[in-house]
Amino acid sequence: MDRIPILQMGKFLLVTIQVDLHDRLALTLQDDLTAKIEKTNAKGVLIDISSLEIVDSFIGRMIANTSSMARILDAKTVVVGMQPAVAITLVELGLTLTGVQTALNVERGMHLLRTSLADKEADDVCDQV
Amino acid sequence: MSVIKSDVLPIRSEQDIVLARQAVRKLTQELTFSIVDQTKFVTAASELARNTLIYGGGGDLYWEVILDGGRKGLKLSFKDEGPGIPDLKQAMTDGWTSGHGLGMGLSGSKRLVNDFEIESTPGKGTRVTITRWK
Ligand SMILES: Nc1ncnc2c1ncn2[C@@H]1O[C@H](COP(=O)(O)OP(=O)(O)OP(=O)(O)O)[C@@H](O)[C@H]1O
Ligand SMILES: [Mg+2]
């Protein structure tokens, strides 16, 4: 496989990483996601890593970079389904995914995105009044 | 200490890093490491394999399943004939990178394993050896 599919679900994008990513594929995904956020004007991105057996510094950096690019484009990123062993290893490795929110599964991640978007829209309305 | 089995894997492309991760995962499963120990060891291997490829210009991974007293362990040696590391202390510091990394690979891997050894000679190459005991 040379590309990871990105699904659009209304205002949000969903990516499910199901393969052991080699480095170039991870970079391609980062670029594809950024381009798709811009094109679709998406407000949120869910990255499902429940199938990933490890997250090393390279994948960690790709997730952090994607999230900061998304923020610049006014979209929020939520990483869902990180396996407990992966989370423990990341901490010991010394990687902090700064600014990246996490949720237990896709459903909860979607809920998080919806609520934060609703809050934001409410704020925008208040600003206009 | 005795060697139960061993082999060599090339680290010459990004795909080789993926294959090395998978091979190490399989060995840690055979040794019935806990899921957390498997994940830590495979992550350390991934970091070191990438360093071998990117900074060492490619090299090899020598693995050994070893028996010491009553305990079994997995030992990995990443070896390259690249430029070497002029200042090991600096390279082992959290956050120090000569490239565009996070500088967490070496220092972080050390925390993920039981034994960590690094030898490097400028102009000759680098060898990093890690071991995890069951
Ligand atoms: N095999 C090697 N040969 C030559 N230099 C190396 C080798 N491995 C590591 N180094 C040097 O040590 C530095 C620190 O390595 P480390 O893996 O900790 O960080 P990094 O690779 O720069 O970033 P990260 O691994 O966090 O993405 C590297 O930037 C590089 O200069
Ligand atoms: Mg590294």
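Visitor: What do β4(B) and β5(B) form?
Guide: A hairpin, with 3 residues between them. In the turn, B:Gly123 has a positive phi of about 85 degrees. Strands here are DSSP E runs of at least two residues, and helices are H or I runs of at least four, numbered from the N terminus. This is a predicted model, where local features need pLDDT of at least 70 and side-chain atom pairs count only at pLDDT 80 or more, while totals for chains, interfaces and linings use all residues. Residues are numbered from 1 along each chain, chains are lettered from A and ligands numbered from 1 as written, and side-chain values use heavy atoms, without hydrogens and water.

Visitor: How many bridges join β4(B) to β5(B)?
Guide: 7, and the strands run antiparallel. Pairing takes at least two DSSP bridges. B:Thr121 has B:Gly125 as its bridge partner.

Visitor: And β3(B) with β5(B), which sense?
Guide: Antiparallel, over 8 bridges. There, B:Asp80 is partnered with B:Thr126.

Visitor: Is β5(B) buried or exposed?
Guide: 8 of its 9 residues are buried, so β5(B) is largely enclosed by the rest of the structure. Buried means under 20% relative accessible area, with a 1.4 Å probe and protein chains only.

Visitor: New topic. Which chains surround ligand 1?
Guide: Chains A and B both do, so the site is shared between chains.

Visitor: What does B:Asp80 do there?
Guide: A polar side-chain atom of B:Asp80 lies 2.9 Å from a nitrogen atom of ligand 1. For B:Tyr55, a polar side-chain atom lies 2.8 Å from a ligand oxygen atom.

Note on methods
Buried means under 20% relative accessible area, exposed over 50%, partly exposed in between (1.4 Å probe, protein chains only). A residue is near a molecule or strand if one of its heavy atoms lies within 4 Å of it. A polar contact is a pair of N or O atoms within 3.5 Å; within protein, one must be able to donate a hydrogen and the other to accept it, and residues adjacent in sequence count only if both atoms are side-chain atoms.
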